[in-house]
Amino acid sequence: MAELTRDQVLQKLRKNEKLDRADLRGLDLSKMPMTGALLARADLEGANLETAVLRKANLKNANLREAYLAGCDLSEANLENADLEGAKLDRANLAGANLARANLEGASLTGANLSGAQLAFAQVSSANLTGADLRNAILTHANFEESTLGAVKAIEADLRAANLRGATLTKADLTGAKVAGLIGTGRPLGEVLVAWLDTSEAGDGSGRITNGEIPGLLSGLRGPMEATAPASRRYFGLGDVLKNATLDFEPGARVQIDSLFEKCIINLGADTELVVGEAGVLADCTISGAGSITVNGQFFERQSPGIVGPRELVVTKTGAVVASVVQNEALTRFAFERDSRLRLKILKSDAKGG
Amino acid sequence: MSQPTSPATSQATSHPTAATPHPPTHGTGPTKRTLIEEGTELKGTLTSTCPIVVQGRVEGDLSGPSVEVTESGVLSGKARVTELRSRGEIAGEFDAKVVELSGRVRDKTIIRAESLEVKLRRDEGRIEMVFGDCELAVGDAPDKAKAVAAARANGQAKVKPVAPAAAPALAALPAAAATAPPATDG
């Protein structure tokens, strides 16, 4: 039983009195203006704080287990080491809040605003963050095991050494996230939006990657080509989905795609070998550069021409290509196996006469 | 069919020939072919019930069970055949069940086929097959929506729960354990 009533809490707050270590369990504090409240180590287990204003409040080490905080304004609040296990924080505003080492296991944070929040070493396992805003959030060493991160916006979030094992990232936007030391999901990614990632240890943008390492890095899975390990090999595994990405492959690289690519731009260096595996689908994509392309799967161009300047284009019996192909200046070498399916418009490069 | 443009085209009729580029397709005897020999130029419409072999130059409409354009042959116009095999030069509009190509496809050519084969000979320096500006419609039209849906289904089929033993606890993370600052009291 709480030691204070709602009115008593309100009076103390008006007098700027401390509520540190106060027993406020199960209290209805909904809609209460509590900006800057001093609630360190307070026990708010099961309390109702729906749409309460706790902006810049000090809730360090507070017990908020199973508290109802939907729509609550906790922006810039100090929740360091707070216990929020099972708390309901849907649509809560946690922008700029300090949640370092906080326990958010099983918490519901759907649609919450965590932009710029500090969650280093936080325990966020089995939590639901669907649609949450994690832009520029500090998530280093945070544990997101088995959590739902669908449609989160984690643009330029710091995920270094975070643990995503078992987490789902469907439709998550992780563009620009810092990922050195990240523990991957251990499962195919599904559809994610990642234009690039920063793999640098320092998280200073010096390890920017935009190519085939992204799915393997986020999932922690390695494909058969990577298993044989040459650095110039890239593999995109079955079940991964890559969208709106620009991929630049260095000259001589060997690339295999068994994934779904949507609206991606692929730039091939000289003599780069690109193989679209039987399960691979490149939808609304563009491939440019003087590489060798073998299509066992399916390619659909985004806009004409969808394939520009390949040295070779081979479509095997399981392959399908719908595209305009501008040939290499030295003329593209084509090969089509029986049973391949084609809707091709072949064009000579501008350098060649008609 | 229009008048031949050269006396040599008088041979452009169905007749048996021992000089067929391919072995007989049935029976043990020689196959009747319509042969347009090298040096012969034909303009107009050619319809045949026999396989047609173009060693010379044909310009016009052509129909028959099959047409073969040899290295020296040029076929320009429209053709509706069951099989088209060309090692020479073709231009125009072609409808066939089976097409095999090497040689050259000139600009403004459209090829519609159930099956197309173009071989790549990697061991030779020269390009075996040269395409001008052309269009190829081969086999059933690929269905993008279906392909994307199937690829997505692949992803879902591959998602399996991770074995609990494989999931390390946070405390077991070496980096976390080694570098975590101690929690402070409020």
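Two strands pair if DSSP finds at least two bridges between them; strands (E, at least two residues) are DSSP runs, numbered from the N terminus. This is a predicted model, in which local features need pLDDT of at least 70 and side-chain atom pairs count only at pLDDT 80 or more, while totals for chains, interfaces and linings use all residues. Residues are numbered from 1 along each chain as its sequence is written, and chains are lettered from A in the order in which they are written.

**Exercise 1.** Find the bridge partner of A:Leu344 in E11(B).

*Solution.* Start with the strands: E18(A) and E11 of chain B (residues 134-138) run antiparallel, joined by 5 bridges. Now go to A:Leu344, whose partner in E11(B) is B:Leu136.

**Exercise 2.** Describe the side of chain A that touches chain B.

*Solution.* First, count residues in the contact (C-beta atoms, placed from the backbone, within 7 Å): chain A gives 52 and chain B gives 43. Next, look for the top contributor on the chain A side, which is E18(A) with 7 residues. Finally, sort that side by type: 22 residues are nonpolar, 14 polar and 16 charged. Here Asp, Glu, Lys and Arg count as charged, Ala, Val, Leu, Ile, Met, Phe, Trp, Tyr, Cys and Pro as nonpolar, and the others, Gly among them, as polar.

**Exercise 3.** How far can you trust chain A, judging by its mean pLDDT?

*Solution.* Recall that pLDDT is the predictor's confidence in each residue, from 0 to 100. The mean for chain A is 89, and 94% of its residues reach 70 or more. Then check residues 223-231 of chain A, where pLDDT is below 50. Where pLDDT is low, the predicted coordinates should not be read in detail.

Technical notes: Two residues are in contact if their C-beta atoms, placed from the backbone, lie within 7 Å. Helices (H or I, at least four residues) and strands (E, at least two) are DSSP runs, numbered from the N terminus.
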